[in-house]
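Subject: Structure for your review

Dear colleague,

Please find the structure below, together with a summary of what was found in it. I would be grateful if you could read the two side by side.

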Amino acid sequence: MKHLLSIHDISADQALDILDTAAQLETLTAGAVKKLPTLRGRTVVNLFFEDSTRTRLSFESAAKRLSADVTNFTAKGSSVSKGESLKDTAQTLQAMGADAIVIRHPASGAANRLAESGWVGASIINAGDGTHEHPTQALLDAFTIRKHFGPSMRDFSTLNIAIVGDILHSRVARSNIALLQKLGARVTVIAPPTLIPVGIESWGAPFSYDFDEELDQFDVVMMLRVQLERMNESFFPNGREYSRGYGLDEARLARLKPGAIVMHPGPMNRGLEISAASADSIRSVVVEQVSNGVLVRMAVLYQLLGGPDLQGAGGAL
Amino acid sequence: MSTISSVSKVNEVLLKSALLADGSVVDIRISGEKISEIGTDLTSEGISLDCTGLRVLPGFVDLHTHLREPGKENAETVLSGSQAAVRGGYTALSAMANTHPVADSAGVVEQVWRLGKSAGLCDVYPIGAVSEGLEGKKLAEIGAMANSAARVRVFSDDGKCVDDPLLMRRALEYVKSFDGVIAQHAQEPRLTVNAQMNEGLVAAELGLAGWPAVAEEAIIARDILLAHAVKSRLHICHLSTKGSVEIIRWAKGQGMAVTAEVTPHHLLLTDESARSYDPIYKVNPPLRTQSDVQALREALADGTIDIVATDHAPHPHEDKDCEWASAAFGMVGLETAFAIVHSTMVATGLMDWKRLVEVMSSKPASIGGYDEQGQALALGSVANLAIIDPSREWVVNRDELSSKSKNTPFHGHTLTGAVIHTIYRGKLVVRDQQLTGVGNV
C-alpha cells in the first residue's frame, strides 16, 4: 500500500491490519516513553488547504510519536484563490524531501490527483477531500467501535450502526459507510431527504428519513456535524426543526439500547445535531475518538512508510 | 457526362474512383471552387488523387466551435482552429460568442469573420451572442450582427443558458425577421450551482456536486413551448440526457420547429470516467450514463437529434492540470469527431453513410443557413469535401493535434475511420492527413 486515498481502495483485511497495528502501537506507547524511533529521518508534510486544527494536530502527533520530521503547510482557501496551483505547492514540498504528504483539501479528489497525476512521488494520505472521503476518520471510528464491542473483532456483522445527518456533504459518512459495510456491519443512513445524495441506492446501505423508527435497535449512533450554511441553501428550514427531527436529544438518548455508544467526528454543534447532555453522557465516546485518532494515524503512517517490524521496534525501546 | 467548360484548369483536382455516400463509384473533377465534371475514366493534368476505397463526402459543418479568439489566443486562434477543423474533415465551423470581448456586436463578429477569411482554410461563421456580454439581461445587437459582413444567423449565449424566459421569448421573436435561430445552452442555473458532473451514482460516491438531468430537460421543455408560441426557430445545443431526447421526440411529433445537436463525446463517454478525478473528462453538460448514451445514439439515428456538433472547447494545459473542481469545462473535438461518429454510429450499424452526411454536413449547413456548405456532390456544387478511409484504425495522440490545446479525452483511444484529404472550395487543404499549406496562410 503506497497511498491511502479512499476506503474503496483497501480490503477488509488491510483495514483490520491497520486497526491491529494501531492496537499494538497503543500497547507499545502506553508506558512513560510515548515515542517510537521507527520513522526517524523520514519527513511527513501536513498540507492543509482547509482549517482543521484537530485533524492536523492529530497527524502531527502521530508522526512525531514515530520520530518522523513534520512540516506543516497551511493555506486557507482554494489553490486558485491563493494564486498557486496544487501542483506547484505539492512539487515544492516534494523538493523539500517529503516522504509522505497528508492532504486536506476542499476539492473532492484532490488527494487522488496528487497521487495519480505524476506530480510527486511521495505517499499520499487523504485527510479529507471536499465531500468525498476521510479514510483515517473511518478507521479511527472502526477502531473505537472495536474497543467497545470486541478489541480483536474481525467481523462486525453483529453490529447495527446508524449514521445520522448531512450525508450529502459528508466525507466522514462516505468513508464510514464504506468501511463499516466492508467489515460486515449493518449500516443505516438517516437524514432528511434533501441531505441524502441522489444515487445513494448503489451504496447498499438502507436509508431512512425517520430517526425514531429503529432508534432502540442501534449499537452505534454516529452523529454528523451540520454545516450552518446549509440552512441558507434551504436543505432544511432552520436549526430548531433540524434538531427536532434529527438531533440526538435527551429523550432520544434515553431510548438507546443498553451498551449503545454515541459517536461524533467533531467539532460538535451542541444543541443542534447533539444536545450537551448527549455529548457528555457516558455513552459518548467522542473524546476517545480523538485519542484513537492519533493511534490509527500512527498505524497508517507506519504501514505506508514501511517501518521495521513492530516487535523489533518495541525491543528497541 | 456534362462539363462546365468555362472554368480554368489552373486549380484543378481530380478524384479517381471516389466512393460516394450512396455507394456509387465515380471520378470527380474539381475546377476552381466547383465540381466541374462527374464521370468515369476522367484524366487530368492537375492534381490527381486515387480515392479507391475512400468515401468522398460533403465537407463537414460544425455548428458549435469555440475558437477563443479574440481574447484567449493561447488556447486557440481562428487559424489554429481552422487547421484542426480541416484535419477533421470540416470545411465550415461556427465560432461561439463567448470570446473576450464577447461577440455581441457587429465589430467583434466581423473581426472573427475576417480572421476566418484570412486563414482561408474553411468557412468560419461567427455566432452572435443573444445577450450583451452573455449576461442574460439585455439583448445584444442582434440586428447589427445579422446585417454585418459576417451575416450572422445563429445566436447563442453558449456557456451560459438564456434562463430569463422573457429575454428568451424576445430573442426568439427578434430573429424571425431574418430567419435566424437561437441556439440554447439548456442549463437551469439555480439547479446547477457549482455543479461538477452528472448527478447520480458516480457523483454520490465521488462527492462531486451533481448536475441533474432535469436542469437540462426543464429548459428544453420551456423553450420548445416558447418557440412554438412565437413561431420561431429553436436549436438545442449539446443534448445529453435520455429525458431531453424524449422531449424533443414529442415536440417533433407535434410538428414544432426545433432542432437538436449531440456531441461526439456524449455519444461515447459516460460519467464513469470521472472516477479518475482527471478533469480531462470535465465538460458541460457533463458526461451522463450508459443509458443516456444509448438513447442519444438511437435518437441521432432515427432523426430525433438532427446533427452532430463538436462543442470543440480548447483549454490550455494548466486549466486541466489541477484538481477537478478548479478545472475548466470542455474538451477539444474537431479532429476526432468523424472517427467517433463513425465508430459509434456507422461501424455499429446504427446509421448509414447517407445519414452520416446529413448529421455532419447538410443538416448543420441548413440550420445555420450556410448555403455554400453541405451541398450534394453534384455538378456545379461548391467543392467542399471530406475524403475518408472508413477502415483506417488509428490511435489518438494529443501531441499530433493541430489544435493549440491538447485537452482531448481520447488520447490513446483506438478509433476506426480517418479523414485522409480535405478540399475546401476546390483547394486541397489536407492531403494524406497533413495540412498542405494551401490556404491564405
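Rings of Phe, Tyr and Trp, the last taken by its six-membered ring, are treated as a pair if their centres lie within 6.5 Å. On that basis Phe60(B), Tyr90(B), Phe338(B) and Trp353(B) form one aromatic cluster. Please bear in mind throughout that this is a predicted model.

Aromatic contacts

Over all chains, the structure holds eight aromatic pairs. One of them joins Phe207(A) and Tyr209(A), with 6.1 Å from centre to centre and 50° between the planes, and it is tilted. Phe207(A) has a relative accessibility of 36% and counts as partly exposed; Tyr209(A), at 47%, also counts as partly exposed.

Phe60(B) and Phe338(B) make a stacked pair, because their ring centres are 5.6 Å apart and their planes meet at 15°. This pair links distant parts of the chain, 278 residues apart: Phe60(B) belongs to strand 6 (residues 60-61) of chain B and Phe338(B) to helix 10 (residues 337-346) of chain B.

Helix 10 of chain B is mostly covered, with nine of its 10 residues buried. Among the buried residues of helix 10 of chain B are Ala337(B), Phe338(B), Ile340(B), His342(B) and Met345(B).

Elsewhere in chain B, a charged side chain meets a ring: Lys282(B) lies over the face of Phe329(B), at 4.6 Å from the ring centre.

The parallel sheet of chain A

In chain A, five strands form an open sheet with parallel pairing, in the order 7-6-5-8-9. Its edge strands are strand 7 (207-208) and strand 9 of chain A, each of which pairs on one side only.

How many bridges join strand 8 of chain A to strand 5 (residues 160-164) of chain A? There are four, and the two strands run parallel. Strand 8 of chain A is also joined to strand 9 (residues 261-263) of chain A, by three bridges and again in parallel. Within these pairings, Ile163(A) stands opposite Met222(A), Val221(A) stands opposite Val262(A), and Met222(A) stands opposite Met263(A).

In a regular strand the side chains alternate between the two faces of the sheet. Strand 8 (residues 220-223) of chain A is covered on both faces: Val220(A) and Met222(A) are buried on one side, and Val221(A) and Met223(A) are buried on the other.

In soluble globular proteins, nonpolar side chains tend to be buried together. The largest nonpolar core here has 88 residues, and those with the most contacts inside it are Leu139(A), Ile145(A), Phe156(A), Ile163(A), Leu180(A) and Phe211(A). Helix 11 (residues 286-304) of chain A gives the most to this core, with nine residues. The core draws at least three residues from each of domain 1 (7-133 + 291-305) and domain 2 (135-285) of chain A.

Leu180(A) shows how such contacts are made up. Not counting residues up to four places away in sequence, Leu180(A) touches Ala142(A), Ile145(A), Phe156(A), Ile161(A), Ala185(A), Val187(A) and Met222(A). A second, separate core has 79 residues and includes Ile248(B), Val357(B), Val359(B) and Ile388(B).

A buried loop residue

Thr29(A) is found in the loop between helix 1 (12-28) and strand 1 (43-48) of chain A. With a relative accessibility of 6%, Thr29(A) counts as buried, because the cut-off is under 20%. Leaving aside residues up to four places away in sequence, Thr29(A) touches Lys34(A), Leu36(A), Leu295(A) and Met298(A).

Domains of chain B

Chain B is divided into domain 1 (9-56 + 380-435) and domain 2 (59-368). The C-alpha centres of these two domains lie 26 Å apart. Their contact takes 36 residues from domain 1 of chain B and 44 residues from domain 2 of chain B.

With kind regards

Key
Residues are numbered from 1 along each chain as its sequence is written. Chains are lettered from A and ligands numbered from 1 in the order in which they are written. This is a predicted model: local features need pLDDT of at least 70, side-chain atom pairs count only at pLDDT 80 or more; totals for chains, interfaces and linings use all residues. Side-chain values use heavy atoms; hydrogens and water are left out. Buried means under 20% relative accessible area, exposed over 50%, partly exposed in between (1.4 Å probe, protein chains only). Contact means heavy atoms within 4.5 Å. Rings of Phe, Tyr and Trp (its six-membered ring) pair if their centres lie within 6.5 Å; planes under 30 degrees apart count as stacked, over 60 as edge-to-face and the rest as tilted. A charge sits over a ring if NZ of Lys or CZ of Arg is within 6 Å of the ring centre and within 35 degrees of the ring normal. Two strands pair if DSSP finds at least two bridges between them. A nonpolar core is a set of buried Ala, Val, Leu, Ile, Met, Phe, Trp, Tyr and Cys residues joined through side-chain atoms within 4.5 Å. Domain bounds come from an automatic or database domain assignment.
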